[in-house]
Amino acid sequence: MKRIGILTAGGDTPALNAAIHGAVVRANSLRIEIYGLIKGFNCLFNPRVPHVHLNPLFQEIPELDPTKGGTLIGSSRDYIDPTKKADLDLISARLSKLGIEGLIAIGGDGTLNALQPLAERLPTVLAPKTIDNDLGLNYPSEPDEWVRVKEPGTQNVRYERTPSNAVFDLNHIVNYATPGYATAVLVTAQGVERIRTTAESHRRIAIIEVMGRHSGYIALGTAYGQPDIILVPEHPLDMRLLVERVKHLYSLQKNVVIVCGEGVVDEEGNELGAASKSTDPAGNVMLSGAAEALRERMIQELGDRYFQLYRRGSSAREAIFTRKVGHTQRGGRPILFDRFYAAALGAKAVDLLIEGRNNAVSVLQYHSQNGFHVEGYDANRFRDRWGLIHARQMHPAFYDPLLMKPSRLGIDYLLPIFTDAIGNDDAEHMRQTAFHPGNLAQPYHSINTDIHKRIRYLDADHDARD
């Protein structure tokens, strides 16, 4: 194999450039050219296939910095429709004309679902990334637990999980943690600490919504920020217990901080934040307002009189406020854990192609005695019997629904990831750059400006525009 293509798909994460860098370094050692495809799968629908040569003369370009967040080659949420054979023929022809003999996609479960039609036409592998930590399996047999149920009176089907008979063991998790997750948890934990001081000073109840969609991993990790209560999508909301816990804590310490995963569900299993049924280009329901929905229920349950008696506000609406950590979880410099293992997984993706492993995934494995290591895993083993890859949910045993905190097993899961997750250079970088005087005088310089100068096309006669 002489030339490999690489693209980033889906939402950005802090560790994408590190994954690209790891792939390029490995390609350099094997004397393989590697082309970055601009704006993810969107590039493949462009007849001119905008791309960047990432390692001319087998040296990585200077713009490729693993400590920078985001992706220097851009991303999009476009995906390939497997039913459109004409489009697939065109894409295959374009990649062939570009000399691409194998393709690496860096993405999550949606990207892995989208790779199947391409993997039938050229060797294609995935290097994982997602702050949600939802690409993987709690145990190898997990896909077999999904069944399809026909909705009464319609032709629609929905997926449901059957009860598991697997013995859960941390050492058996497939893809223990995805690059981007550790940095996202750092940001959310710091956000909890900062919001705590406002709640504490003004005798407030704060509800902080974090990302993760239908997976509670980020919410679980915010335990490092010491919130009082954590709510995760894997356990339906117990409003009675929540109110009792809030009243106890508020009486004791005069403030309460609640972390709420964006995919939290009510007692009937309905998503609190799914008021909007619109979807993104990948087909994911756009979740919005879990924290606000929870706030409204808390206002009703506690009532104005509760706060008036304590002389801590004239109304429940005044005393209870919400915040979203938002897209800051996805951005910025990746911490050491994410940089190191993203690079290792990117390098492993190159090795998988060289080994002839088509439709495979580089995964981060953990063993309690030997620590972390990377392996290759057959993508089909992520699929259920109908060929669909489901986003991994946090194993329910990681959470104590009575304490509304991580269980002992949940703590055991988090410790290997976050012990020593921050490097000395991470703290030093902040010290040197946060208040650098040049920030005041110089405008921001976007990496897109430099990469634009390097973009090339199949049709070199046209102007260079991505």
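Two strands count as paired if DSSP finds at least two bridges between them. Strands (E, at least two residues) and helices (H or I, at least four) are DSSP runs, numbered from the N terminus. This is a predicted model, where local features need pLDDT of at least 70, side-chain atom pairs count only at pLDDT 80 or more, and totals for chains, interfaces and linings use all residues. Residues are numbered from 1 along each chain as its sequence is written, and side-chain values use heavy atoms, with hydrogens and water left out.

| Strand | Residues |
|---|---|
| Strand 1 | 3-8 |
| Strand 4 | 102-107 |

Strands 1 and 4 run parallel, joined by 5 bridges. Glycine 5 stands opposite leucine 103 in strand 4.

Now for the helices. Helix 6 (residues 239-253) and helix 7 (residues 290-309) have axes that come within 11 Å and cross at roughly 45 degrees. That makes helix 6 oblique to helix 7. Axes are lines fitted to C-alpha atoms, for helices over the stretch in contact (heavy atoms within 4.5 Å), with angles running from 0 to 180 degrees between N-to-C directions. Oblique is what's left after roughly parallel (under 35 degrees), roughly antiparallel (over 145) and roughly perpendicular (65 to 115).
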